[in-house]
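Please look through the structure below.

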Amino acid sequence: MLTYYFVYPFAWVLGKLPYKVQFLFSDLVRWVLYSVVRYRRGVVRANLLASFPEKSENERRRIERAFYAHLADVFIETLSLASATEKQMRRRMKYLNLDEVASWTGDRSWISAMAHYGSWEYTTNFGLYSSGTTLAVYRPLSNRGADRFYRKIRSRFGVVPVPMHEVGREMIRRHRAGERVTLALIADQTPAWPEIQNWTMFLGRWTPFFVGTEKLAVRSGMPVLFLDMRKVRRGYYEARFELLYDGVEQVEPGEITRRYAERLERMIRTRPELWMWSHRRWKHNRESWMEAHGRQIVEGKTDGGEGR
């Protein structure tokens, strides 16, 4: 727990500093990540090359440098949540179409399908706008101090952090209590090899996605809304929700996941530097998975109809 007792006081003080000073820390972090430790530069370059083969090397290097600058901003923004005020968070992270969200969801629980794009930790301020309970699904960290820190900053504005493996039980408990729930899921993470069930074409490659969002939505009749985020300027973001699934439509297995992947790709291509390129997103191979599971690929689909 030493990590928590060291990091939290530092983060609290950092969050009280003027934004211009926080950006100086961000510039320092960017320099260390990019030029000193060269944090995952090989992974970033490989991902950018495979995703944007049509771009020149200079164009990809520009995206690379912009990505590290943005990653440093996100790091400092996340730390600043330790002491950011409600007024500050309403100004830094805005939602532009909450009236439309209300018309799509009514009094039903719904799923916010997000990504590691923009400043995803800033979206913990959605609890300030939600009329019900907002559950933020997360993957617990192995370092207990770091895990405690993230749970604390994520819950400051009314959002309830829930470990990924407890989501089902938590949803059942809250629905039985009559609560209306917004389930916030960062859905672009890579499932572990045994958990892969779906492959979807994404940024030019077959990519595994978690199917929990889709299964929960269909089983419970929960609308799925994509969170489209825009970085207005340094430290300030706007987001707009878009309806992916209305909770009623009859869909084929993999369809909601395909819609999410397609919409995410469009957002990434708009401003690629805002996505998490340092993540080892394509560490699993579809052909190896198919062979291991006795599946065959027919006309771009698996024999089970998953993927597009």
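Strands S6 (residues 199-202) and S7 (residues 205-208) run antiparallel and are joined by four bridges. Strands here are DSSP runs of E with at least two residues, helices are runs of H or I with at least four, and both are numbered from the N terminus. Two strands pair if DSSP finds at least two bridges between them. This is a predicted model: local features need pLDDT of at least 70, side-chain atom pairs count only at pLDDT 80 or more, and totals for chains, interfaces and linings use all residues. Residues are numbered from 1 along each chain as its sequence is written, and side-chain values use heavy atoms, leaving out hydrogens and water.

**The S6-S7 hairpin**
- Phenylalanine 202 stands opposite arginine 205 in S7.
- Two residues lie between the strands of this hairpin, and leucine 203 has a positive phi near 55°.

**Strand S3**
- Six of the six residues in S3 (residues 133-138) are buried, where buried means under 20% relative accessible area, exposed over 50% and partly exposed in between (1.4 Å probe, protein chains only).
- Thr133, Leu135 and Val137 point one way, while Thr134, Ala136 and Tyr138 point the other way.
- S3 runs parallel to S5 (residues 181-186), with four bridges, and threonine 134 stands opposite threonine 182 in S5.
- S3 also runs parallel to S4 (residues 160-163), with four bridges, and alanine 136 has proline 161 in S4 as its bridge partner.

**Charged residues**
- Lysine 283 is in the loop between helix H10 (255-270) and helix H11 (286-292).
- Lysine 283 counts as exposed because its relative accessible area is 54%.
- Arginine 91, in helix H5 (residues 86-92), counts as partly exposed because its relative accessibility is 39%.
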